[in-house]
Amino acid sequence: MRVLLSGYYGFGNLGDEALLEVIVARMRQRFPTAKLDVLSATPQTTRQRYGVEATPRWDWRAIRSAIGRSDVVVSGGGGLLQNATSLRSLLYYAGILREGARARRKTMVFAQSVGPLDLWGRLVVAQFCKRLDRATVRDASSIRLLRDLVPKTPVEQTADPVFLYDIPDEGVDLEAEGLGGGPYAIVSVRKHAASRDVAAVTARAVDRLAQHGIRAAFLPLGGAADAAVSTDVIRACASSPVLLPECTLAKAAAILRGARVVIGMRLHSLVLAARFGVPFLAIAYDPKVSALCEDLRYPLAPLWTAGARRPGDDAIDAAVDRLVRERDALSANLLARGEAIRAAAERNFDVLGELLESGP
């Protein structure tokens, strides 16, 4: 059996690379005879790093050929079926599913957050995905939306596969990273239209953490673009946070696991924090971040939510104070949810297996 995987792979974003690493590992464990072909922006790097086949994601002739060789076309994980990024992006990802269906291949939406979608976006998903065979989504809002758009497709709510990520057995010297000698917070930010609000809120939170004796380190999970945003926030701080260099996924996960707390805008900074029981304050730039907090039944509201009024300094201070004060209870809450969340993440692969084993 051959599986073609479409997602935001090969761009160096550690969250998406974590998704790919888990998918590759779980497929080898559960479907050892299956062959995986990944649509990638850097196919040679993807082949070498993961030991899979890889097809250039912008070469439509190569993509159609890869679809023709596949038995199942899988779209995910991540937030692919949305047009907040652009309509062009949505047309690309939905178009691959449509090409798969036209070629009479089985198709699956895998561990996605669906939306936001405007009127045109809803029309694209409804038309391009109407012959979708199966779907798993990461949150309750996505399941409602996708069931409404493709009512004939079985849709299940699962969880992000990165909840299954295990750090490799390789030591990370936190001292060498400048993180030894006391508690630290990890901060993950990214580019956003409301960058001034994000910078102001994050800087205030970082400074409040410093008053609690917790120094902040910015971790650029999205590479150079995240490093640039992090630098802007650091300049707005009265305290002296540091910017960590870009690093491997394993090192980033180990650094997150060792943190006292996390302030996270990148979804997978929060997923990994939750995976290791590290309490966080979310910066909900996208509905998928709010949805994650809801599905985790996380007691702390996001520090900032896109479209909402920017919180005042007193509200930010109170949120940080509560994060620090209730740190141990929040950690226990996350760890208690861990088993159920990981079982839900594993369900993505159950559904893929059912599709692989089903008849033509």
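User: How do you know which classes the residues lining the largest cavity belong to?

Analyst: Keep in mind that this is a predicted model. The cavity's lining consists of Val3, Leu5, Ile23, Met27, Leu36, Val74, Phe110 and Leu352. Val, Leu, Ile, Met and Phe count as nonpolar, so the lining divides into eight nonpolar, no polar and no charged residues. Strand β1 (2-9) and helix α1 are the elements that give two or more residues to this lining.

User: What makes this space a cavity, and what is its volume?

Analyst: A cavity is a set of points where a 1.4 Å probe fits but cannot get out. The volume here is about 30 Å³, and the count comes to one cavity of 30 Å³ or more.

User: What makes the largest pocket a pocket rather than a cavity, and how much space lies in it?

Analyst: A pocket is an open set of points with protein on both sides within 12 Å along at least five of seven lines, whereas a cavity is one the probe cannot leave. About 990 Å³ of space lies in the largest pocket. Of its 34 lining residues, Tyr8, Gln82, Thr85, Arg190 and Arg266 are the closest to the centre. Two or more residues come from each of α1 (14-30), α4 (87-102), α8 (224-235) and α10 (267-275), and α4 gives the most, with four.

User: How do you know what sort of lining the largest pocket has?

Analyst: Sorting its residues by class gives eleven nonpolar, 13 polar and ten charged. Among the central residues, Arg190 and Arg266 fall in the charged class, because Arg is counted there.

User: What lines the second largest pocket, and which element supplies the largest share?

Analyst: This pocket holds about 300 Å³ of space. It has 19 lining residues, and the closest to its centre are Gly12, Leu14, Glu17, Arg49 and Cys247. Helices α1, α2 (43-50) and α9 (249-257) each supply at least two residues, with the largest share, four residues, coming from α2. By class, the lining has eight nonpolar, seven polar and four charged residues.

User: Is Thr202 buried or exposed, and how do you know?

Analyst: Buried means under 20% relative accessible area, and Thr202 has 0%, so the word applies. Thr202 lies in helix α7 (residues 195-211). Beyond its neighbours within four places in sequence, Thr202 is in contact with Val187, Val189, Phe218, Val233 and Ile283.

User: Why is helix α11 called mostly covered?

Analyst: Seven of the nine residues in α11 (residues 287-295) are buried, meaning that each has under 20% relative accessible area. They are Lys288, Val289, Ser290, Ala291, Leu292, Cys293 and Asp295. The cover includes α6 (140-149), β7 (155-157), α10, β12 (280-284), β13 (304-305) and α13 (327-357).

User: What is found at the start of α11 and just after it?

Analyst: At the start, a side-chain oxygen of Asp286 comes to within 2.9 Å of the backbone nitrogen of Lys288. Just after the helix, Arg297 takes a positive phi of about 55°.

Definitions and conventions: Residues numbered from 1 in each chain as written. Predicted model: local features only at pLDDT ≥ 70, side-chain atom pairs only at ≥ 80, totals over all residues. Heavy atoms only, no water. 1 Å grid on protein atoms, 1.4 Å probe; cavity = no way out; pocket = protein on both sides within 12 Å on 5 of 7 lines; lining within 4 Å. Points joined across faces, edges and corners; volume = space filled by probe spheres on them. Buried < 20%, exposed > 50% of the residue type's maximum accessible area, 1.4 Å probe, protein only. Contact = heavy atoms within 4.5 Å. Polar contact = N/O pair within 3.5 Å; in protein donor to acceptor, adjacent residues only side chain to side chain.
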